[in-house]
Amino acid sequence: MLIGYLITAIILFLMINYLEQNLKIKFLHEVILVSIYFLTIAGIFYEMNISTYYLYAIMLIVSMVEIFLLYYKELSTSRNPYSFYKYIFLVAVVYLINRLFIDKVKGTFLTLEELKSFIWILVFLYLYWYLRKFLREKSNKIMLSKIKDDYLMIQYVHLKNEYYQIIKSKNKNLTPLIYSIILYENIKRPFILRKIDIILYRLDGIPRKFGIMQIKNKTVLSDIDSIKRGIKRIEIINKQLSPNLKNIQKNIKILEKYHYQKEEVKDIINIYQKINLFESK
């Protein structure tokens with residue numbers, strides 16, 4: 001039993017240090033991975049008839065070693081000064097898992113009967129994900145057709161008044177296309193959802209699309225920053241295209257290279273034409 005606990009503690013110590021210093025993983029993910037580690041160890045110990053009653057003590061020992069290295073040996077200047085509280089929290093989480101779950105079940109691994117139920121849960125989750133994806137794509141396709149031209153142009157005037165000082169491309173022919181992209185993305189990903197994206201990034205640190213022009217980035221971008229980067233990308237793509245292309249063909253090529261799919265290009269060109277018609281009146 002003691003040898004098993006010792007080996008488990010050494011592996012956990014190495015795993016935590018690798019996660020923190022090599023992968024620089026977010027704390028939320030670290031808590032989840034440590035919890036999964038203890039559930040796995042609990043399952044292995046149960047199969048080997050090793051007691052899991054004091055399993056939380058492994059986390060306690062590792063935490064004490066980590067805190068000792070942090071505050072007394074100062075072996076790493078990259079360690080977080082709040083690590084003391086972090087490890088206390090990890091000990092509390094593992095203790096609760098130990099007492100509220102591991103101690104109350106016979107092994108943490110799935111039996112064949114439980115595995116059958118789990119497989120069906122995965123099937124339902126997949127069907128839910130697929131149907132949701134299908135319906136969302138279908139919704140996106142008909143989204144613009146349901147929007148009245150008047151409402152579309154009201155949004156255009158509002159965005160133009162807000163960002164006209166920023167949207168200054170060297171090629172004036174690109175300006176309506178830039179507004180078309182902004183208008184499309186603002187309808188597809190409105191202000192509130194863009195704020196939620198920022199909140200989610202603060203939690204998981206995963207790169208995602210930010211700003212009103214939905215630019216994928218490793219750090220948060222404001223609406224203005226996304227517009228500046230979007231304009232720069234459009235201008236670069238435009239320079240790469242043949243000057244002999246007609247205006248509408250060039251815009252389609254720009255949108256395709258920008259990252260849009262066929263149906264999205266069609267929707268944005270539709271907005272583009274409505275903006276040109278509105279401006280010509």
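What covers the buried residues of helix 10? The cover includes helix 7 (175-188), strand 2 (215-217), helix 9 (223-240) and helix 11 (262-280). Buried means under 20% relative accessible area, exposed over 50%, and partly exposed in between (1.4 Å probe, protein chains only).

This is a predicted model: local features need pLDDT of at least 70, side-chain atom pairs count only at pLDDT 80 or more, and totals for chains, interfaces and linings use all residues. Residues are numbered from 1 along each chain as its sequence is written, and side-chain values use heavy atoms, with hydrogens and water left out.

**Overall fold**

- The protein chain has 11 helices and two strands. Helices (H or I, at least four residues) and strands (E, at least two) are DSSP runs, numbered from the N terminus.
- From the N terminus, the element order is α-α-α-α-α-α-α-α-β-β-α-α-α.
- The protein chain has 281 residues, and 38% of them count as buried.
- Take contacts in the protein chain between residues at least 6 apart in sequence: 62% join residues at least 24 apart. Contact means heavy atoms within 4.5 Å.
- The accessible surface of the protein chain is about 18,500 Å², with 63% belonging to carbon and sulfur atoms. Areas come from the Shrake-Rupley method with a 1.4 Å probe; for residues, only the protein chains shown count as cover.

- Helix 10 (residues 247-258) has 12 residues and reaches 16 Å from first C-alpha to last, close to the 16 Å expected at 1.5 Å a residue. The expected span is 1.5 Å times one less than the number of residues.
- Buried in helix 10 are K250, N251, I254, L255 and Y258. They cover an arc of only 135° around the axis, so they sit on the same side of helix 10. The arc is that of the directions from the helix axis to the C-beta atoms.
- An α-helix has 3.6 residues a turn, so residues three or four places apart point the same way.
- H259 follows helix 10 and has a positive phi, near 150°.
- Helix 7 has 14 residues, and 13 of them are buried. Helix 7 reaches 20 Å from its first C-alpha to its last, close to the 20 Å expected at 1.5 Å a residue.

**Aromatic pairs**

- The structure holds 11 aromatic pairs. Rings of Phe, Tyr and Trp (its six-membered ring) pair if their centres lie within 6.5 Å; planes under 30 degrees apart count as stacked, over 60 as edge-to-face and the rest as tilted.
- Y5 and F45 are stacked, because their ring centres are 5.6 Å apart and their planes at 25°. Y5 lies in helix 1 (residues 2-22) and F45 in helix 2 (residues 27-47), so the pair ties together parts 40 residues apart in sequence. Both Y5 and F45 are buried.
- W120 and F124 form a tilted pair, 6.1 Å centre to centre with 40° between the planes. They are four residues apart in helix 5 (residues 112-146), so about one helical turn separates them. Both W120 and F124 are exposed.
- Y156, Y179 and F278 form one aromatic cluster.

**Charges over rings**

- A charge sits over a ring if NZ of Lys or CZ of Arg is within 6 Å of the ring centre and within 35 degrees of the ring normal.
- R99 lies over the face of Y53, 4.0 Å from the ring centre.
- K86 lies over the face of Y87, 5.1 Å from the ring centre.

**Around S63**

- S63 is in helix 3 (residues 56-73). S63 counts as buried because its relative accessibility is 3%.
- Not counting residues up to four places away in sequence, S63 touches Y87 and V91.
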